Structures are given as structure tokens and as C-alpha cells.
Amino acid sequence: MRTYAAEHIVASIADALQFASHHHPPDFVAALQRAYRAESQPAARDALLQLLVNSKLAARAARPVCQDTGVAHVYFELGMDARIGGAGRGATPTPQALADRAVARAYTDRANPLRASMVRDPLGRRVNTRDNTPAIVHTELVEGDGLRITVVAKGGGGDAKTRYAMLTPSDSVADWVTAQLPGMGAGWCPPAVLGVGVGGTPEQAMLAAKRALFAPIDIDPLRARGPRDAQERLRLELYERINATGIGAQGLGGDTTVLDVKVAALPSHAALLPVAMVPNCAATRYVSFEQPENGPALFTPPDASLWDDVPDALPPTGTPVDLDALTPRQVAGWRAGQQLLLSGRLLTARDAAHKRLADLLRQSAPLPVELRGRALYYVGPVDAVGDEAVGPAGPTTATRMDKFMPALLERTGLLVTIGKAERGPQAIEAIRRAGAAYLSAVGGAAYLVARAVRSARVVAFADLGMEAIYEFEVRDMPVTVAVDAQGGCAHRRIAIRPG
């Protein structure tokens, strides 16, 4: 019987979370590069380049690739002839306890603090746990005396787009999956990998779809040799059909919407066909390892040559915009799909801050910040370290703020909003009526965006932590006009549904 020390397991998981925060899996980087070389649409090609530059710079600086540093998932495969020990006096800690200790350690690391997103009391006060605990833990007992662990930092944007249906055996899984994609929008930051779980029970299908994501990208060899079974045939059909939708990188239209499709099939009731789909996102972060018996696991960065064809900075393409001299007339001249480079001061706000602003407007109370003529960026940044003005600060999904748009635009004179993915009809109409604009930044390129931030200070709602209102001063922050003052939309291939 092999014994694995509890402290070694905790150290391994914590180190894996830190490593994954700033290192994409090499196969994912290679797949992004292939997609970039093959991309024919300029907006999607630019988005792919931003993701690649961000990946290179984040790995070099050992800073998170995305400001959403994920919900920590830990999958244990524990051998029946193995035991966990070395915890001192008292009961042997459970896998949940080990994972929680590791997550707290990793997310509060002073050298590379990770943004805590987990809240307790989801139906009540929704208080942030401050260390991203608890972890999401799945433990499977297997034959042997080994301990295999998969550690995942799963972004909220991908999980938010999860879909499930109970089909009948005569229904087409491929038809159902393909029909879901346009309605999922771009909040999952394509291109990435899509996991599909088929069969089992509802909860088994969902878990299988998610776990399928954490396997190497191998669609090109499969396409070259052809399918050997029904699962592989479904993978190929979905890959071709989804990429033919033209949704593309960040939903801006393009040739690659998914980098791979993974399918997991399970035995099921004869009358039922549960189907679940879970996307990963452009901030794909996971590590699988065999736990050593004599110490923590070690994680070796990929060779820097992985990014040899990736530049160290973006080319300065786009129309320069001075945010400190922004006028309605200037905004009215922008057109959907146009690339801009923003410089000057902008404010930040996301879910919690928007609710407070809306409450103050309903009460006819003064706002803590002046919004007239300003730009508002939907972001919850990572804490800064060293000489950083701010930590990784990529955009969050804009549709969550849609319901606040009519009042904010009409009553405050707010002129520009910035986020990721599409807007719904309510927000688009409010933007058109106000002669405002919505700009899209690349989701999953958070470290790259943060390098454009020259200074940052909290100006309101400091108690909200990462959801406080900041004022950023930026220089040449790259964005795309996603909704212009006439209501034109860059996300035309997405089924924009009411917010």
C-alpha cells in the first residue's frame, strides 16, 4: 500500500493552480496558432493574435491569462490500495479538505494573487469567501495504489453557457448541439474546446461533458485518419458544422469557432438520451499529474519556442480615440466592426456596482461618480503586484448589464460601454436611442489589456473589492465597435435574445 502525505497533495494542487493560471496547455497554444494562420476574417484574426500575444506575455510574467481566475475544480482518482496520511494527529483529511487548503494557499499567494470569485449564501448576501474556496471536488476510487489528480481553473463565462436536454433515442445529437451555438452568444470567448456528454443520467452527462474538456486537442489527427466509431463520427460532424456557422473568434465572424469537440458517451436507459454540452473558453487552464509518493508534483513550463512565431506586442492598428475629449459627434461616426485604440480615463463597473447605481437612480439620489460623456468598462481586475498599475483586467460578459442600460444611458449621459460578447435587444435599442456605442474587448486577453492601463484607483464602492468602481488611465487599449450609434452590430451571426 502506498501512502501519500496530505501536505504533499496540498502543495501539488496549489502549485498546479498557480502554474495553470499563467500557462495555457501547449496543445491549446498550438491549436490557436493553426487557427490564426488559417483565419480569413480580419476581426477574428486580430482577436486570435491578441489571445496569442496574451498567452506569451502571461507565461513570461507568470501572471494570469485572464482576470477570471476560475472556479477551482479538483478531480481525484484514488487507488483502492493507496491511502492519505502524514497529517499529524487527528482524522485523515478528506479530499475536499485537502483541495480547500490548496485553493486558499494558491489564490492568496502574494507573488501571484488570483482573483477570488466564489460567494457563499447564493440566495442571500452573496459574500465573497476571499480565497476562492470551496473547491469543486470529484473523487473516484480506482484499482491500484496510485493517485492521479486533475486540477482545473474553470472560467465562469464557459460554465454560464452550459446546455442540457433530454432527447429521445431517435433525435439527432448533432442537430441539437449545432442549434444551441448561435443562442450561446460569445460570452464563452471562442474559439475553444466544446465538451459533449451523451447518455447516462442527467448529472452523469453533465459531468462527462465537463471532464471531456480536459484531454489533449487531437482533432487534426482524427480528421486525417477518419472516424473509428460513433463518438468519433459525432466529433467530426460537430467540428465541421459548428465552424461552418461563421461565429468565429469572440463571435466577430470567422473560420474557427471551436478548436476541437470532445464527446463522452455513457450507457443509458433505453428510452432516454440525456445530452449535455459545456464549453471551455480562451482561458483554458488545467493540469493532470500523478502524485509522487515522496514529495509534491513538479510542473515544468513549456519551452519558450512554443511562442516563437508570436510577437511581443500588438501592431498599433485602429483609430486613436482620446477618452478625455470624447464627444457624441465623434461616437456617432464610429461603425460596427471598426477597430479603435483607446487612451485616457475610463471608469469600471460590473454586476454589483451596476445594481447600486440603479438603486441610487431609483431613489433620485446622487451618484458617487459623474458618468456624463464617460466610458464604462465591465471588469473586475486581479490585484496588482510589483510595479503594475492593475492586475490582469480583461472584460466580463456585457449581457449581464443589459437591464441597467436604458436608465444609465438616459439619465446619466453615459456615452460608451466596454465589455465582451454581444448585447441583447434591450441594450442595443437603448444604445441607439442615446446615440452611444458599445465596444468589445477580447475576452481571455486580460494580461495584454492590463499592460495598456497606466494607473488605477478606486473611486466608489470600495467594499465591493474587485467589483468596486475604478478609474483607469489607459493608453492604446484595443477594442472593436460592437454596437454603433445607429444600432449596427458586429455580432451578426449570433442569435441575440432579449436580456
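## The sheet containing E7 and E12

Val-151 stands opposite Val-287 in strand E12. This pair of residues is a place to begin reading the structure, which is a predicted model. Strand E7, covering residues 147-154, pairs with E12 in the antiparallel sense, and five bridges join the two. In general, the strands of a sheet pair through backbone hydrogen bonds, and the pairing may be parallel or antiparallel.

E7 and E12 belong to an open sheet of four strands, in which the order is E6-E2-E7-E12 and the pairing is mixed. The edges are formed by strand E6 (136-142) and strand E12 (286-290); each has a single partner strand, so one side of each is left without a neighbour in the sheet. From one strand to the next, the twist averages 10 degrees. Helix H7 packs on this sheet and touches strand E2 (71-79), E6 and E7. The direction of H7 makes about 100 degrees with that of E2.

## The sheet containing E9

Another open sheet of four strands has the order E8-E11-E9-E10, again with mixed pairing. Which strands stand at its edges? They are strand E8 (163-167) and strand E10 (258-266), and each has a single partner strand, so one side of each lacks a neighbour in the sheet. The twist in this sheet averages 15 degrees from one strand to the next.

With strand E11 (residues 273-279), E9 pairs in the antiparallel sense over five bridges. With E10, E9 pairs in the parallel sense over eight bridges.

## Helices on the E9 sheet

Helix H7, made of residues 202-211, lies across E8, E9, E10 and E11. Its course runs at about 35 degrees to E11. Helix H9 (residues 230-243) packs on the sheet as well, touching E9 and E10. The direction of H9 makes about 145 degrees with that of E10.

Helix H2 (residues 26-38) and helix H3 (residues 42-61) have axes that come within 9 Å and cross at roughly 150 degrees. Angles over 145 degrees count as roughly antiparallel, and H2 is therefore roughly antiparallel to H3. The crossing in which H2 passes H3 is left-handed.

On the side of H2, the contact is made by Val-29, Leu-32, Gln-33, Ala-35, Tyr-36 and Arg-37. On the side of H3, the residues are Arg-45, Leu-48, Leu-49, Leu-51, Leu-52 and Ser-55. Sorted by class, the contact of H2 with H3 has eight nonpolar, two polar and two charged residues.

## Asp-46 in helix H3

Helix H3 also contains Asp-46. Is Asp-46 buried or exposed? The relative accessible area of Asp-46 is 17%; buried means under 20%, so Asp-46 is buried.

Tyr-36, one of the residues of H2 in the contact with H3, is ten residues from Asp-46 in sequence. In space, the two are 8.5 Å apart, C-alpha to C-alpha. Leaving aside its neighbours within four places in sequence, Asp-46 is in contact with Thr-317 and Gln-339.

## The pair H12 and H13

Helix H12 (residues 405-412) and helix H13 (residues 425-434) pack at an angle of about 15 degrees, and their axes are 8 Å apart. Angles under 35 degrees count as roughly parallel, and H12 and H13 are therefore roughly parallel to each other. Their crossing is right-handed.

Which residues of H12 meet H13? They are Met-405, Pro-406, Leu-409 and Glu-410. In H13, the residues that they meet are Gln-426, Ala-427, Ala-430, Ile-431, Arg-433 and Ala-434. By class, the contact of H12 with H13 has seven nonpolar, one polar and two charged residues.

Notes. Residues numbered from 1 in each chain as written. Predicted model: local features only at pLDDT ≥ 70, side-chain atom pairs only at ≥ 80, totals over all residues. Heavy atoms only, no water. Pairing = 2+ DSSP bridges. Axes fitted to C-alpha atoms, helices over the stretch in contact; angles between N-to-C directions. Contact = heavy atoms within 4.5 Å. Parallel < 35°, antiparallel > 145°, perpendicular 65-115°, else oblique. Left-handed = near helix turned anticlockwise from the far one by under 90°. Nonpolar A, V, L, I, M, F, W, Y, C, P; charged D, E, K, R; others polar. Buried < 20%, exposed > 50% of the residue type's maximum accessible area, 1.4 Å probe, protein only.
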